[in-house]
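Visitor: I have a structure open and would like to go through it bit by bit. Can we start with the strands?

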Amino acid sequence: MQNETQYSSSPWNQLQGLKDSLPPEIDDAVTKESFQKQLKLVDPSIERLDHLITQMKWRLSEGDGEAMYELGVDDDGTLVGLSAEEMSASMNTLRQMANALNADVLILRELTMDQFGRQEAQKSFKVLEALIRKRPKDQQQQFTDIRIAMLGGHGEGKSTLLGYITHGVQDNGRGRARLSCARHRHEIESGRTSSISHEIIGYDSEGKLINYATTNISTWEQICEVSTKVITFLDLCGHAKYLRTTISGMTGYSPDYAALVLSATMNGTSEMAREHLSLAVMLDIPVFVIVTKVDVASRDQLKRSLNSLVQLLRAPGMNKVPVIVRGENDFGSCASHLARGGPEIPIFLASNVTGTNIDLLERFFNFLPKPTQHYDALLEEPVEFQVEEVYSLSDIGPVVGGVLRRGRINIREDAIRRTYHLGPDNTGTFIKVTVESIHRHRVPTHYVHCGEAATLAIRSTDIDNRDFRIQRGMVLLGTDIPTSYYEFEADLIVLYHPTGVTTGTCGMVHSGSVRQRARIISILSSNKIGHEISSSSLSTSISTSSASERSLSSTIYKKEEYLTTQSSNNHSGNGDNRIIVSGSEGRCILRFMNEPKYICNGAQILFMEGKAKCLGRITRLLNAS
């Protein structure tokens, strides 16, 4: 970083250099977000109004109850602007459309064209960006739920920041704010998070923050009751000792976004922060950055930390554009670009003690849209609920918590339709259980749809009559004949391995709720991909900052090559003698070492052992139990 001009600010503030245009309109299936550009909406006819309402209804459905509208912007992204009268009439039409769909309109940004260097005659013209958000339909939970994983190394300030945002209490510089997020006594004493804790905040239909500092709010139930949008934070572990717990949280809870928290006093990016960033990139999770402790960091410390971060984000393979958020014009555009997979990476400079820029961060969460994952198709598939937590309540019985990956569960249906198979145990056995009640964010509800996290109270006579122990990693299935597997075939890309992957190589397999050691029993083919990259540049164990940044960029580069490369070329010879070195891909057969697990074709897997990392996808299921 030579000077501040190297950092990119809001595209809206630089549109003169970009020929006064925004990116052209792209289909929502590609952008993964409901986003609409409209030049103007002045006095539409009845037929035109009906068409616009239908269009907004579809976009709200695609955006999980939220849609972004830009007025004064042509379909090709050109900024045209509207006069004051045209803008007022267009806003009236937009509110009329929203009211017809029981939704609210929130103005995110409204700028005049003189800020873009336009001619004198157009200086009074305006462009506007608005957020459309559905209102709750009834007393049942009807809110947009977004999960954000908090990443970063130990001592970066993740739990402290989370305590400030959720409870509204500024830190005293000695960790007071993080006490509300600790789950165990040893976490309070050591300052290290060793488990996955969940915290929530909400936003009402007007975009007002709802947390424990809000009047008459003291429970999750009260937050959910008055909120139309709920942000669930996953406070993950930062110490290297608990890296496996962090990986489990990232693969099991499927967060929508990841917040990488860095300390401005570290004089760079820590090894665990780079490890967490590479994990998020491998799992295709959009990332934004929060730099904490700016109140105690010297100017040189802050400059070195930002230099290291910018080099990391701009490295080959990442090619991201760092955007330091200084105001509404910055984070408003970054929120939409982040969900669409754009190159912009928002960077917030914050302090948990003085409260610097915490308000910007809170408003940024409100603007984050829910990434669309084609849930309409998944809703019609058989139920697949992956179990992440298990409880036993004396008056209720067994309770399982996790994420519904496919289908829907409704306790108002008859008992037969809400009876599913739970398993497998260590012998591959499934038992039949009936879902009795559902809670989301500790609030009772009668249904849960795919993509949502929930807890289910279940009942089964088999649990008492048989030696069956419910544990994390099991699944609840709506299929007629559930099956578990010991072996599976997968296409693997070796991001880094010190000696190369061979027959007999062991490692931990992470895929959804599955976490178990597996052994490669056969290598069917291997193939070198991309350009030659030295193994030293792939190693994440290199301690220097520049080498570690090369390691992450190589990891990301190899992942992109894998996603665009077809299946490996078959080679003749003995499979036992084949080796897949760093930077190569191959087709392997893996076998679980302990017990069979439920897995499915096409599922993404991480195969890791120490510093070795492999990314893959299951292509075939073998050896059913």
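**Strands, helices and salt bridges**

Guide: Tyr203 stands opposite Lys229 in strand β8. This is a predicted model, in which local features need pLDDT of at least 70 and side-chain atom pairs count only at pLDDT 80 or more, while totals for chains, interfaces and linings use all residues. Residues are numbered from 1 along each chain as its sequence is written, and side-chain values use heavy atoms, with hydrogens and water left out.

Visitor: Which strands do the seven bridges join there?

Guide: They join β6 (residues 197-203) to β8 (residues 229-235), and the two run antiparallel. Strands are DSSP runs of E with at least two residues, helices are runs of H or I with at least four, and both are numbered from the N terminus. Two strands pair if DSSP finds at least two bridges between them.

Visitor: What is the order of the strands in the open sheet?

Guide: The order is β7-β6-β8-β5-β9-β10-β12-β11, eight strands with mixed pairing. At the edges are β7 (209-210) and β11 (321-324), each of which pairs on one side only.

Visitor: Where does Thr292 lie?

Guide: Thr292 lies in strand β10 (residues 287-292). Its relative accessibility is 1%, so Thr292 counts as buried. Buried means under 20% relative accessible area, exposed means over 50%, and partly exposed is in between, using a 1.4 Å probe and protein chains only.

Visitor: What does the side chain of Thr292 reach?

Guide: The side chain of Thr292 reaches the backbone oxygen of Glu156, at 2.6 Å.

Visitor: Now helices. How many residues does α8 have?

Guide: Helix α8 (residues 271-282) has twelve residues. From its first C-alpha to its last, α8 reaches 17 Å, close to the 16 Å expected at 1.5 Å a residue. The expected span is 1.5 Å times one less than the number of residues.

Visitor: Is α8 mostly covered or exposed?

Guide: Mostly covered: eleven of the twelve residues in α8 are buried. Among them are Met272, Arg274, Glu275 and His276. Just after α8, Asp284 takes a positive phi of about 60°.

Visitor: And what span should α9 have?

Guide: Helix α9 (residues 299-313) has 15 residues and should span 21 Å at 1.5 Å a residue; its end C-alpha atoms are 21 Å apart, which agrees. The buried residues of α9 include Gln301, Ser305, Asn307 and Leu313.

Visitor: Different topic. How many salt bridges does a search of the whole structure find?

Guide: The search finds 22 salt bridges. A salt bridge is a side-chain nitrogen of Lys or Arg within 4 Å of a carboxyl oxygen of Asp or Glu.

Visitor: Which residue forms one with Arg133?

Guide: Glu66 does, and the closest N and O atoms are 3.0 Å apart. This pair links distant parts of the chain: Arg133 is in strand β4 (residues 126-134) and Glu66 in strand β2 (residues 66-71), 67 residues apart. Arg133 and Glu66 are both buried.

Visitor: You listed Glu275 in α8. What does Glu275 form a salt bridge with?

Guide: With Lys613, where the closest N and O atoms are 2.8 Å apart. Lys613 is in strand β29 and Glu275 in helix α8, so far as sequence goes 338 residues apart. Lys613 and Glu275 are buried.

Visitor: What about Glu609?

Guide: Glu609 forms a salt bridge with Arg517, with the closest N and O atoms 2.8 Å apart. Glu609 is in strand β28 and Arg517 in strand β25 (residues 514-528), so the pair ties together parts that are 92 residues apart in sequence. Glu609 is partly exposed, at 37% relative accessible area, and Arg517 is partly exposed at 29%.

Visitor: How many residues lie between the strands in the hairpin of β28 and β29?

Guide: Two, and Gly610 in this hairpin takes a positive phi near 65°.

Terms used:
A polar contact is a pair of N or O atoms within 3.5 Å; within protein, one must be able to donate a hydrogen and the other to accept it, and residues adjacent in sequence count only if both atoms are side-chain atoms.
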